[in-house]
Every structure is written in C-alpha cells, then in structure tokens.
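Please look at the sequence and the structure below before reading on.

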Amino acid sequence: MEPSQVAIIGSGLIGRSWAMVFAAGGFKVKLYDIAQQQLMSALENIRQQVKEMEKLGVLKGALSADQQLALISVCTDLKAAVEGATFIQISLKVLVLYLIFYDCFYNKLLHLVMRPKECTPENLELKKKIFGQLDLIVDDNVILSSSTSCLLPSKLFTGLKHVKQCIVSHPVNPPYFVPLVEIVPHPETDPSTTERTYALMKKIGQSPVKLSREIEGFVLNRLQYAVISEAWRLVGEGVISPTDLDLVMSDGLGMRYAFIGPLETMHLNAEGVSNYCERYAEGMRLVLNTFGPVPEFSGETAQKVNQALSEKIPVVPKALDARRKWRDECLTGLAKLKTQM
Ligand code: NAD
C-alpha cells in the first residue's frame with residue numbers, strides 16, 4: 001500500500017519539525033515554501049537531525065533515517081501541491097497538506113480527507129491570504145489547520161467557504177520531542193473536523209488535547225503566562241534572584257510536571273482532590289489574594305532579568321545556539337525516558 005501523503009506549507013522551525021513527525025509516522029511529506037533556498041536549508045537541517053537521532057538511538061517510528069528522508073520532498077508551487085493532492089485523492093491515497101500550519105489529512109474507511117497545515121510566520125494578514133488561496137483550491141474533504149501560537153481561529157478562518165473544515169493545531173516547539181498539540185476549533189468548525197484532527201495527531205504519535213472553544217492564549221500559553229507573570233513579580237520585588245527563580249522550576253515544580261499535571265499533583269499530595277481542597281483551599285486563596293497586577297515586562301525588572309540571563313547565556317548566536325542544542329538534547333533524553341515508562 002502506498003504511504004499517505006502530506007504537504008506541509010512553510011519550512012521554517014515548525015514546518016520542518018512537523019515534516020519529521022509525519023515522516024516518522026510513515027507519511028510521504030511534501031514541504032512547500034515560497035523560497036527555494038529555505039527549502040534546501042530545511043532539507044539539509046532535517047537530514048542532519050534525523051541522522052543524528054538515528055545515531056543516538058532516539059529516532060522516532062519504525063523506519064530507518066534513510067527511509068524517512070526518502071519520504072520528504074520539496075515544492076515551491078502551492079497550486080501544484082494541492083493539485084497533486086487532488087490527484088492522489090482520485091488514486092485513493094491519503095493526503096495531508098502541511099501548510100505553515102495547515103495540515104491536510106484523511107480519515108478512515110477510505111474517505112479521503114486532506115488537512116493542509118499552515119506553518120507560516122505569525123502574521124494574520126499573510127495567514128489569511130494563504131488560507132484564502134487554499135479555500136479556492138481545496139475540496140470539501142480537506143481539513144485546513146494552522147499551527148498559530150496565538151491567532152484565534154475566528155480571526156483566521158471567518159468568511160472562508162470551507163470554514164467547517166478549518167482548525168488550529170498548536171504545537172509546542174520542537175514538536176518532534178514535545179508532543180502536545182492544542183486543537184482549537186473555530187465556532188463554525190464541524191465536530192468531525194476536530195475528531196479527525198485529534199485522530200490524526202494520535203496516529204502520528206503526538207499528544208493532542210481538545211479545547212471546546214477558542215480563548216486568548218489557548219491553554220498552554222495561559223498557564224505559561226501565569227507562571228511568567230508571578231516569576232516577574234517575585235524577581236521585581238526582590239524576593240528571589242532570576243537564577244534562583246528558574247531553579248524553582250527546573251529543579252522543583254518542573255521535575256514533577258514532566259510526568260503529572262497540577263490537578264493530579266493535588267490528587268496525590270493529599271487523599272484525593274476533595275481532601276486536598278479541604279486541607280489547602282484556604283491557604284491557596286490567601287496566597288492567591290497577594291498576587292499583584294499584570295506586569296508591564298519593561299523597566300528595571302526587565303533590565304535585571306536580562307542582565308542575569310545574559311551573564312549566564314550571552315546574547316550572541318553561538319552561545320544561544322549551544323544552549324538550545326543542550327536544551328534539545330535534554331528534551332530528547334526526557335522523551336526517551338517517557339517512552340520507557
Ligand atoms: P519561521 O519563521 O521559522 O518559518 C516560517 C516559514 O514560512 C519560513 O520558512 C518562510 O520562508 C515561510 N513563508 C513565509 N511566507 C510564506 C508564504 N507566503 N507561503 C509559504 N511559506 C511562507 O516560523 P516558525 O517558528 O516555524 O513558526 C511558524 C508558525 O508556527 C507560526 O504561526 C508560529 O506562531 C507557530 N508556532 C511557532 C512556535 C515556535 O516556537 N517557533 C511554536 C508553536 C507554534
């Protein structure tokens with residue numbers, strides 16, 4: 001049987017990582033971008049990463065590095081990519097269009113469903129233009145999905161003819177090692193689009209969660225901003241240094257959160273959630289009532305945090321890249337550990 005085919009639109013940081021995820025899942029991937037140079041650099045970067053992971057024994061999926069690389073090709077013509085998809089549909093193959101954060105995919109029972117996934121820069125007008133182009137090309141079986149971190153589906157998809165087939169699938173960088181995907185519907189998204197997207201993400205080994213409606217920041221960034229906000233206030237008020245603040249997370253809360261969430265933490269830290277609330281609700285409310293207003297993220301505190309972090313990791317490409325590489329190696333090790341548990 002021919003492998004299912006995916007077209008990914010946008011070959012930057014996220015698009016190339018999605019390409020690797022789909023290739024690891026055995027999908028044929030067509031990576032689309034406006035710049036040939038960008039595609040060449042994406043291909044080379046993917047090749048290096050996949051080979052390195054194979055060497056380290058952390059390559060995902062059942063295929064070898066060479067087999068996965070052979071599944072990925074590049075394309076600079078959007079219409080050609082979509083026309084290819086139509087052709088594949090006729091040949092009863094499964095197609096996924098991965099457009100800067102559009103993913104196209106298919107469902108079961110030989111019904112073909114394309115999900116263009118769009119991974120272009122976080123620019124509303126650009127994304128609307130691309131979705132507008134896709135809207136004219138795709139058929140009623142295609143699911144159009146965006147990787148946007150913060151643009152609401154109602155801003156991206158309203159007015160499209162295929163709005164029922166549109167959805168946000170927000171990944172966490174790098175999606176290859178951090179599997180969470182937030183699935184966020186437009187108010188007019190058909191429930192089957194959500195279900196198919198969820199099934200697709202599971203199939204390629206990601207960890208999808210469904211939001212019942214759109215909300216600013218989705219869920220991951222709302223939680224992240226709550227943490228950043230309190231971290232900022234504590235450092236700003238001189239309660240703790242920037243370095244020690246980060247340690248509270250990396251050697252404290254974060255150790256636990258790689259395995260269990262805050263709600264399960266409550267459950268386990270007492271005799272169940274109800275008991276936790278009986279014991280700690282008053283204390284939590286007391287503390288929460290001392291939280292300050294939303295920070296400005298500027299001025300003295302910004303200087304203080306910037307200075308501390310720049311001393312640790314100088315703001316030059318070499319130092320930043322080395323630290324990012326170290327971070328990704330840690331995430332690789334953690335991902336491996338989690339698969340063994
Ligand atoms: P990026 O800048 O690395 O890549 C964007 C790519 O889009 C580039 O390759 C560029 O050439 C291409 N592009 C630009 N205009 C295009 C067009 N008209 N058609 C096709 N391709 C075009 O950006 P990124 O970090 O990969 O982010 C992509 C999307 O993913 C954004 O919406 C972002 O919010 C989201 N996202 C990013 C992260 C992250 O940490 N980087 C995490 C989650 C979600």
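Predicted model: local features only at pLDDT ≥ 70, side-chain atom pairs only at ≥ 80, totals over all residues.

Residues are numbered from 1 along each chain as its sequence is written, and side-chain values use heavy atoms, with hydrogens and water left out.

**Around the ligand**

- The ligand is surrounded by 25 residues, each having a heavy atom within 4 Å of it, and the closest are I14, D33, Q38, E122 and K127.
- Polar contacts are pairs of N or O atoms within 3.5 Å; in one of them a side-chain N or O atom of D33 lies 2.7 Å from an oxygen atom of the ligand, and in another a backbone N or O atom of I14 lies 2.8 Å from a ligand oxygen atom.
- α5 (124–137) is among the elements that supply at least two residues of this shell, and α5 gives the most, with 3 residues.

**The second largest pocket**

- This pocket holds about 810 Å³ of space, and of its 22 lining residues the closest to its centre are N45, Q49, R324, K325 and D328; lining residues have an atom within 4 Å of a grid point of the pocket.
- α13 (317–340) is one of the elements that give two or more residues to the lining, and α13 gives the most, with 7 residues.
- The pocket lies between domain 1 (5–210) and domain 2 (220–259 + 296–340), because both give residues to its lining.

Conventions. Polar contact = N/O pair within 3.5 Å; in protein donor to acceptor, adjacent residues only side chain to side chain. Helix = DSSP H or I, 4+ residues; strand = E, 2+ residues; numbered from the N terminus. 1 Å grid on protein atoms, 1.4 Å probe; cavity = no way out; pocket = protein on both sides within 12 Å on 5 of 7 lines; lining within 4 Å. Points joined across faces, edges and corners; volume = space filled by probe spheres on them. Domains from an automatic or database assignment.
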